[in-house]
Amino acid sequence: MIKHFVGRKPAAGLAAFALAGLAAFALAGLLAAPGLQAQPAPAAAAAVSPVPGMPPVPDPRNLYSEVAADKLSPALRGDLERIYVPNLRSNSVSVVDPHTLKVIGSFKVGIGPQHIVPSWDLRTLWVTNNAEGRTDGSLTPIDPRTGQPGAPVAVDDPYNMYYTPDGKSAIVVAEARKRLDFRDPKTMALQYSIDVPGCPGINHADFAIDGRFAIFTCEFSGTIAKIDLVNRKVLGYLQLKMPQTRFKESKAPNPGAANVAGKVWEPGETEICTVTKGMPQDIRSSPDGKRFYIADMHADGVHIVDGESFTQVGFITTGIGAHGLYPSRDGKRLYVANRGSHKIHGPRLANGGVTVIDFATEKVVARWAVHGGGSPDMGNVSADGKWLWLAGRFDDVIYRFDTASGDMVRIKVGGEPHGLTVWPQPGRYSLGHTGNLR
């Protein structure tokens, strides 16, 4: 069984004294005084040298420092406050007003919309219509100032999309092709591709704090792939280890029950984990950029991987079908959406919920129920950090969770909602997905 990693403590700094004898005497006196203790000075974080063209990293201890609630760019203040929901089965996007909690519009897009991805410059929201099993994939642009769609752009198999940290390329994740297509971020003309043959089901990613590499998840092999973005090559693959036990699938307690504020989610009974490989989904970096957290639908938890050594160093049990990962606006917590099923096409009213992990200790600090059952999937946090919005993949709804209490409301949308995005969001630039901003 993989042991849970308890946490990390900052290295203590060593005090330097010019007058050793006098300083030792004074220090001894302080330690002897009632109620006083010597406090170690925190180690200074090394400055980050980003790849050329990438914006600087203001705080090496917290790469999420620029997505705090008070960091909304003035350029975005005219954008409409909306929740954009891609409905995979309906081939549409539902537009939700976050204040009235009502669907105020809907429009058709291409075949199989999967995610809504903010562009690197934050001026376009792209709907990735991957047309699974077909050859007519496309990207539909949305103008965030008006909320209206533009003319679609033909693109091969865009399951998901990211951006290089320097903003020079959009990275279309061609899942069925086991390939990453680097494209012009404006025109989507192909620049070059990186084949990732050892990564079937390549889909989600996050990036090194300095932009040198990215780690992508491989859904159908239980592995992750490390990509050198500078030299444009695959650095290697890592097979993720499965835990000894996982949760049994079940219907949620009291199906159809009304939401009750503050009720704690109970994932249910455990069973022996008999699957030999996981199904990794979303991935996010630790605030200091040293570790990556990977949600795994088959393992019912989050793998912890050291980015530089590319080794697994821990595992955190969260809930049935761990799927989406979203940091809080202050960079202190990680919200885990647990879909309630180990299946790709799961049942309605499953025992899904949200788990909250404290980044500093890597411990679970809260569990939020989807009362009556549901399937929390992909989404993001509101600009002010007060709400976590998630698609209810198999229940044709979306959820809004109160990040203070865990209280939840549902909103009916189209068929099979997937990677919704919240707009606007704080930050300087987007690395893609449903709003991985920095």
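Visitor: Is H115 buried or exposed?
Guide: This is a predicted model, and in it H115 belongs to strand β4, residues 113–118. A residue is classed as buried under 20% relative accessible area. The relative accessibility of H115 is 0%, so H115 counts as buried.

Visitor: Which backbone oxygen does the side chain of H115 reach?
Guide: Leaving aside neighbours within four places in sequence, H115 is in contact with several residues, among them W126, Y159, H204 and H433. At 2.9 Å, the side chain of H115 reaches the backbone oxygen of Y159.

Visitor: Where are the two cysteines of the disulfide placed in the chain?
Guide: A search of the whole structure finds 1 disulfide, which joins C199 to C218 with an S to S distance of 2.0 Å. The pair links distant parts of the chain, 19 residues apart. C199 lies in the loop between β12 (190–195) and β13, and C218 lies in strand β14.

Visitor: Is this disulfide left-handed or right-handed?
Guide: Both C199 and C218 are buried. The torsion about their S-S bond is about -100°, so the disulfide is left-handed.

Visitor: Which strands stand at the edges of the open sheet?
Guide: The sheet has 4 strands in the order β13-β14-β15-β16, with antiparallel pairing. A strand with a single partner has one side left without a neighbour in the sheet, so the edges are β13 (202–207) and β16 (233–239).

Terms used
Residues are numbered from 1 along each chain as its sequence is written. This is a predicted model: local features need pLDDT of at least 70, side-chain atom pairs count only at pLDDT 80 or more; totals for chains, interfaces and linings use all residues. Side-chain values use heavy atoms; hydrogens and water are left out. Two strands pair if DSSP finds at least two bridges between them. Buried means under 20% relative accessible area, exposed over 50%, partly exposed in between (1.4 Å probe, protein chains only). A polar contact is a pair of N or O atoms within 3.5 Å; within protein, one must be able to donate a hydrogen and the other to accept it, and residues adjacent in sequence count only if both atoms are side-chain atoms. Contact means heavy atoms within 4.5 Å. A disulfide is a pair of cysteine sulfur atoms within 2.5 Å.
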